[in-house]
Amino acid sequence: MQRRNLMKLAAASGGAALAGPALAACTTTSGGSADGELALWSQAAGSPAEVEVTEAIIKDFNGSQDTYKASFEPFPQEVYNDTVNAAALSGDLPDLLTVDGPNVPNWAWAGHLQPLDLSTELTDKFLPTVLGKFQGELYAVGHWEAACSIFARQSVLDAADVRVPTMESPWTREEFDDALQRVVADGAYQWAIDFSTADTGEWFPYAYSPFLQSFGGDLINRDTYLSAEGALNGPEALAWGQWFQGLFTSGLANVESPVGAEDFMQGKAAMAFHGNWGALAAMDLYDDMLFLPPPDFGNGPKIGGGSWQWAVTSTADTAGATSWLETAFSDEYVAEFCNQTGQIPATDAAAELTEHYGTDGDLRMLVDYSKAYAVLRPETPAYTVIASVFSQYAGNIVHGGDVQEALDAAVAEIDADIESNSGYGF
Amino acid sequence: MTVLAGFFLFPIVFMVVASLKNDHQIFADMNSFKAFLPTGDLSLANYAAVFDRVPFWRFLGNTLFVTAMVTGFGLVVNSMCGYALARMRWKGRGLVFGLIIATLILPFDTTIVPLVYLVANLPWVGFNGLTPVLELGWLNTYRVQIIPFIVNAFSIFLFAQYFKSLPKGLEEAAAIDGAGWLRTYWRIIVPLSKPVFATVAILTVVTSPATWNAYLWPLMTVQSEELRPVMVGVQYFFQLDTAWGEVMAYMTMITLPMVIVFLVFQRAFIQSIASAGMKD
C-alpha cells in the first residue's frame with residue numbers, strides 16, 4: 001500500500017515539483033546501445049591517477065574518430081560488483097566495464113558480457129593471466145597484473161643468517177620454516193611474517209590459495225569444475241591447512257594482522273606476504289627491501305594471477321566497444337596506467353616504458369614472478385561462492401579450528417552451490 | 001553516567017584525532033591510549049587529500065538537496081495522510097491504516113531488489129525543449145532518490161496518533177465557521193502540531209534510508225558521480241591500499257553537520273526520540 005501511495009504521489013503531485021532537478025540530472029551515462037555513445041564504467045573512483053589515465057584514453061579516442069563518443073563513470077571498488085549487478089538487473093549496463101579477473105566467468109555465465117572480437121595479434125602480447133576467459137572464449141583483457149611476493153629486508157635476513165632465495169632456487173618448505181624461526185629468534189620482531197589476515201573480501205583466496213596449490217591441492221577440481229572434493233580436502237590440502245595453521249598457533253604470524261602489511265611496515269613483523277601495490281611504500285620506508293619469490297612447497301612456487309580487466313557488455317555496441325579497446329590496449333596506455341598506479345604492465349613492450357618494471361627496473365622481478373608463478377583463480381562462475389566459502393573456512397583454520405573439518409565443510413558448501421546451479425554450464 | 005558518556009565519545013574522539021595523523025602514525029598508536037590523543041606529527045593533510053579523491057562539495061550538496069526534499073515533501077504528504085486516517089470518516093479507513101502499519105514489518109533491505117526493478121521501469125514525463133517526452137526508467141536521477149521515500153509508514157503512524165489526541169471541538173468550531181477539511185488541517189491542525197512535525201522531521205533526517213545516511217539505495221540506483229550522496233563517497237577511500245587517515249578526515253567532515261544540527265536542536269532530538277519510543 002505504501003508503494004501504491006507513492007506511485008500515485010509521483011504521478012499526481014510530486015512529479016511536477018521535482019521535475020526540474022530530476023530532469024536536469026537525467027543525462028544518463030549508462031545503457032549500452034548502437035547510438036554512437038559508448039558508456040564506460042570502472043572501479044576506479046577514489047583513485048585519481050587511474051581515472052586520469054582512463055579519461056586521457058577517452059579523450060584521445062573521441063578525438064581520433066567521429067563515429068563514437070565515449071564517456072566514463074568511475075565507481076568505488078568496494079561496491080562496484082553490487083552496482084553492476086543492480087544495473088544488470090534493471091537492464092542498464094554500460095557498453096564497456098571493468099571486471100575483476102576471477103569474476104569474468106561469473107559475469108559471462110550470467111549473460112552480462114559478450115566474447116571479445118579482438119585480433120590475436122593484439123591479445124597475444126598480453127600476459128596470459130590478464131586475459132579473462134570462460135569456456136574457451138575471451139571476455140576481458142587487462143592493462144595490468146598484480147603479484148604477491150615475500151617482502152623482506154636484506155639486513156634482517158643477513159642478521160638471521162638466512163639465504164636469500166632466487167627464482168632458480170626458491171626456498172623449500174623446510175628452508176622457509178627455518179627462516180621464519182630464525183628471523184624472530186633474537187626477539188627483535190614480534191612476528192616472523194605478516195599475512196594481513198584482517199583483510200577481508202577476496203584476499204584470502206587470492207593470497208593464500210596459491211600456497212595450497214603449491215602443496216598440491218586446489219580450490220576445485222579443474223578437470224571438471226564440478227566438485228572441490230579431493231582438491232580442497234585431500235591429503236595435500238590437509239597438509240597445507242595444518243602448516244598454515246601452525247604458523248599462527250606457534251606465534252610466528254599474527255592472527256589479527258592489519259590490512260596492508262602494516263605489521264611489517266611498523267617493524268613488528270620481519271617479513272610480509274604482500275602485493276606489488278605496497279612495494280613503493282615499503283621501498284620508501286626501508287632502503288634494503290627485497291621482494292622474494294614464494295616458497296616451493298612441492299609443486300613449484302605459486303602466486304595469484306588476474307586483476308581488473310576491460311570487458312564488453314552483452315548489450316553493447318560491439319563495433320564501437322571493440323574500437324575503444326583497440327585504442328586503449330596500446331603499449332603506451334598500458335605503460336601509463338602502470339606508471340600512475342604502480343601496477344605490473346601486462347605487455348613486455350609496456351614494461352620497458354615504465355619506471356620500475358623494465359629489464360633493469362627495481363621491481364622487474366615482480367613481472368618475472370607473474371610470468372612464472374601466477375595461477376588463475378578457477379575459471380568458473382562458481383568462483384564467487386568458492387571465494388566466499390574459502391575465506392570463511394580459511395579464517396577458521398587461521399583461528400585454530402579443526403583443519404579437516406573446515407576443509408570438508410568448505411567442500412560441502414561449494415559442491416552444493418555448484419549442484420544447485422546445475423554445474424554452472426560445465 | 002559521565003564515564004559512560006565519555007566511553008561513547010571514544011569512537012568520535014578517535015575519528016577526529018586519527019584524521020590529523022598519517023597512516024603510519026595511526027597504526028603505531030593503535031595499541032595504546034595514544035590512539036585517542038593528538039600526538040606525533042599532526043597535520044591537515046588528510047583533509048586536503050579528501051578533496052583530491054572525492055568531489056566533496058558535490059556529494060554534500062546532493063545529500064542536502066535530497067534530505068531537504070524527502071523531509072519537506074514527507075512532512076506535507078505524511079501529515080495529510082495521518083490526518084485523513086485519524087480524523088476523517090471514510091469506508092475502509094481501518095483497513096488502510098492497518099495495511100500501512102503492516103509495511104513496517106518489512107525491512108527495507110528485503111524489498112530493495114524488486115524496488116530497483118520497479119523504478120528502472122517506471123515512466124516519467126520529461127521535456128525536449130518545450131515538448132513533453134515520455135521517458136522510461138528513473139535510474140540515475142534525483143527523483144529516484146527522493147520520491148520513493150516521501151511516503152513513510154512510521155511518519156504516518158506518528159502523525160495519526162498525535163492528531164487523534166487533539167480535541168475534536170476545535171475542528172467542530174472550524175466547521176461551524178465554514179472551514180473545509182483542507183482549511184481545518186492547514187489553519188487549525190498544523191499550528192497545533194509543531195512537536196510532531198519536529199519529531200517526524202528529525203526522525204526522517206536521521207533514520208530514513210534516503211536522507212543523511214543514504215547508502216544502499218543510491219548505490220544501486222544512481223550511477224552518475226554527479227548525483228551521489230556523501231555516504232557512498234566513503235567507499236572512495238577503500239582502494240587496494242586504504243587511506244585510513246583520509247577515511248577518518250572524510251568521516252569527520254560528513255559527521256560534523258549532523259553534530260552541529262544535534263547541538264542546535266538537542267532538546268527537540270531528545271523529545272523526538274522519547275515521543276517516538278525508539279532509540280535509533
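Let's start where the chains meet: the contact takes 47 residues from chain B and 42 residues from chain A. Two residues are in contact here if their C-beta atoms, placed from the backbone, lie within 7 Å. On the side of chain B that touches chain A, several elements each supply at least two residues, including α4 (56-87), α6 (108-120) and β1 (123-128) of chain B. Helices (H or I, at least four residues) and strands (E, at least two) are DSSP runs, numbered from the N terminus. By class, that side of chain B has 31 nonpolar, 10 polar and six charged residues. Ala, Val, Leu, Ile, Met, Phe, Trp, Tyr, Cys and Pro count as nonpolar; Asp, Glu, Lys and Arg count as charged; the others, Gly among them, count as polar.

A word on the model. It is predicted: local features need pLDDT of at least 70, side-chain atom pairs count only at pLDDT 80 or more, and totals for chains, interfaces and linings use all residues. Residues are numbered from 1 along each chain as its sequence is written, while chains are lettered from A and ligands numbered from 1 in the order in which they are written.

Now chain B as a whole. It has 15 helices and two strands. Its C-alpha atoms fill a box of roughly 75 × 55 × 35 Å, taken along the principal axes. Of its 280 residues, 38% are buried. Buried means 20 or more other C-beta atoms within 10 Å of a residue's own; exposed means 12 or fewer; partly exposed is in between, with C-beta atoms placed from the backbone.

On to chain A. The domain assignment, automatic or from a database, gives domain 1 (37-146 + 306-376) and domain 2 (148-302 + 382-425). Their C-alpha centres lie 27 Å apart. In contact are 18 residues of domain 1 and 19 residues of domain 2. On the domain 1 side, the largest share, six residues, comes from α15(A).

Last, one helix. α17 of chain A, residues 403-420, has 18 residues. Which of its residues are buried? They are V403(A), A406(A), L407(A), A410(A), V411(A), I414(A) and I418(A). Seen down the axis of α17(A), these fall within an arc of 130 degrees, so they line one face of the helix. That arc is of the directions from the helix axis to the C-beta atoms. They pack against α9 (235-249) and α16 (383-398) of chain A. The face turned away carries the exposed A416(A), E419(A) and S420(A). After the helix comes S422(A), with a positive phi near 55 degrees.

Conventions:
The expected span of a helix is 1.5 Å times one less than its number of residues.
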